[in-house]
Amino acid sequence: MTQKKESACKKPVRGTREWAVAEINCCLGCPHGCRYCYARFDAVLRKGRVTPEQWPVSRQVPEEVAQKHRRFSGQVMFPTAHDIVPENLDACTQVLKNLVAAGNRVLVVSKPHFDCIRHICSEFQDAKKSLLFRFTITARDRKLLDLWEPQAPGYAERKTCLEYAFAEGFATSVSVEPMLDTADVVVMVHELLPYVSHSIWLGKMNRIAERVEADSDTMRMAIEKIVAGQSDRHILRIYEELRDIAKVRWKESVKEVVGLDLPAEPGLDQ
Ligand code: SF4
C-alpha cells in the first residue's frame with residue numbers, strides 16, 4: 001500500500017488522477033468494510049497481500065510513516081488505499097506533517113471520524129492552506145450505509161466533521177462517490193452545501209461486477225438497486241438538477257453519460 005506515483009502520462013484522466021498528481025498511503029488494511037472497496041479488491045483479491053480476515057486491521061508501514069517527501073508538482077492525495085481511523089491517527093498525522101513540511105497541498109480524503117478530524121484540525125491550525133478536506137458522504141439513509149459501509153461513521157458524524165472543519169476555517173469538499181441513493185442525492189447535496197467551501201463531487205459506483213461480491217440475496221438486491229439507480233436516466237436527471245451549482249463537480253463516470261469532456265491533465269480537481 002505504498003503508492004507514491006506521480007502521474008506524468010497522457011492517458012485519459014480518470015479516478016483519483018482527476019484530483020491529484022500523486023497518491024500517498026501509509027497503511028495496509030481498513031476497518032470500514034465498504035463493500036465496493038477498490039483497495040481491498042486490489043490488496044486481497046488481485047495481489048493477495050493480505051487475507052480477507054487480515055484486511056480489516058489497519059497495519060502501518062513504518063517506512064511510509066517516516067518518509068520525507070519532496071514537493072510534488074500539484075495537489076497530492078492522502079490516503080487513497082485506506083482511511084484515517086483512530087487506530088492509525090498518529091501515523092496519518094505524521095505523514096500529513098511530512099507532506100506539508102515539503103510544501104505540498106494535500107487533499108485529505110476520508111469517511112471521517114470526528115475525533116480524527118478534530119485532532120488534525122488542531123495539529124494544522126497554522127497550516128490550514130496546506131490541506132483540503134474531502135469527506136466521502138455517499139448517502140443519508142442509515143440502512144444503506146450499514147449495508148455498504150458497515151463499519152464507517154454514519155451520516156451524522158460525517159456531516160458534523162464537515163461542519164467542524166468548515167467552522168475551523170479549513171477548505172472543505174465532499175465526495176459522493178459512489179452515490180448510494182440517487183433518489184436522495186440532490187436533497188443531500190443541498191443539505192451539505194452550506195459547509196462546503198470548495199466542491200462536491202458526484203460519481204457512480206464503478207466496476208460493480210468485478211469488485212462487489214454478490215454473496216447473499218441481500219447483496220444481490222442491493223447491487224440491482226445501485227445499477228438501476230445509476231442508469232443514464234437518473235444520472236441525467238441529477239445532472240439537470242445540480243448543473244448550475246458552481247461547487248458541484250462530476251466524476252468521469254458522470255461526465256461520460258452527460259457528454260462532458262474528461263480533464264486533460266491530472267490533479268486539476270475541477
Ligand atoms: S474507507 Fe475506503 S479504504 Fe476503507 S474500506 Fe471503505 S473504500 Fe476501502
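Start by selecting V76: setting aside neighbours within four places in sequence, V76 is in contact with A20, V21, A22, I24, L99, N104, V106 and L107. Two residues are in contact when their C-beta atoms, placed from the backbone, lie within 7 Å.

What you have open is a predicted model, in which local features need pLDDT of at least 70, side-chain atom pairs count only at pLDDT 80 or more, and totals for chains, interfaces and linings use all residues. Residue numbers start from 1 along each chain as its sequence is written.

A residue is buried if 20 or more other C-beta atoms (placed from the backbone) lie within 10 Å of its own, exposed if 12 or fewer, and partly exposed in between. In soluble globular proteins, nonpolar side chains tend to be buried together.

**The sheet**

Now switch to a cartoon view. Helices (H or I, at least four residues) and strands (E, at least two) are DSSP runs, numbered from the N terminus. Look for the open sheet: 7 strands in the order 1-4-5-6-7-8-9, with parallel pairing. At its edges are strand 1 (22-23) and strand 9 (248-250), each pairing on one side only. Next, colour helix 3 (residues 89-101), which packs on the sheet and touches strand 4 (76-78) and strand 5 (106-110). The direction of helix 3 makes about 170° with that of strand 4; axes are lines fitted to C-alpha atoms, for helices over the stretch in contact, and angles run from 0 to 180 degrees between N-to-C directions.

Two strands count as paired if DSSP finds at least two bridges between them. Strand 5 and strand 6 pair in the parallel sense over 5 bridges, and V108 stands opposite F133 in strand 6. Strand 6 and strand 7 are also parallel, over 5 bridges, with F133 opposite T172 in strand 7. Carry on to strand 8 (residues 199-202), which runs parallel to strand 7 (residues 171-176) and is joined to it by 4 bridges. There, W201 is the bridge partner of S175.

Is strand 6 (residues 131-136) largely enclosed or open? It is largely enclosed by the rest of the structure, because 6 of its 6 residues are buried. L131, F133 and F135 point one way from strand 6, while L132, R134 and T136 point the other way. Strand 7 is mostly covered as well, with 6 of its 6 residues buried: A171, S173 and S175 lie on one side, and T172, V174 and V176 on the other.

Most residues other than glycine have a negative phi, and most peptide bonds are trans. Select P79, in the loop between strand 4 and helix 3: the peptide bond from F78 to P79 is cis, with omega near -20°. Then go to P178, in the loop between strand 7 and helix 7 (185-192), where the peptide bond from E177 to P178 is cis with omega near 5°. R207 is not a glycine, yet it has a positive phi of about 45°. You will find R207 in the loop between strand 8 and helix 8 (208-211), and it is exposed because 10 other C-beta atoms lie within 10 Å.

**The ligand**

Which residues are around the ligand? Select C30, H32, G33, C34, C37, A39, R40, H82, D83, K111 and A152; a residue is near a molecule if its C-beta atom, placed from the backbone, lies within 6 Å of it. This shell has 5 nonpolar, 3 polar and 3 charged residues. Ala, Val, Leu, Ile, Met, Phe, Trp, Tyr, Cys and Pro count as nonpolar, Asp, Glu, Lys and Arg as charged, and the others, Gly among them, as polar.

In helix 8, pick A209, which is exposed, with 8 other C-beta atoms within 10 Å. A209 and I223 are 14 residues apart in sequence and 9.1 Å apart in space, C-alpha to C-alpha. Finish at V61, in the loop between strand 3 (59-60) and helix 2 (62-66). The C-alpha atoms of V61 and P194, 133 residues apart along the chain, are separated by 37 Å.
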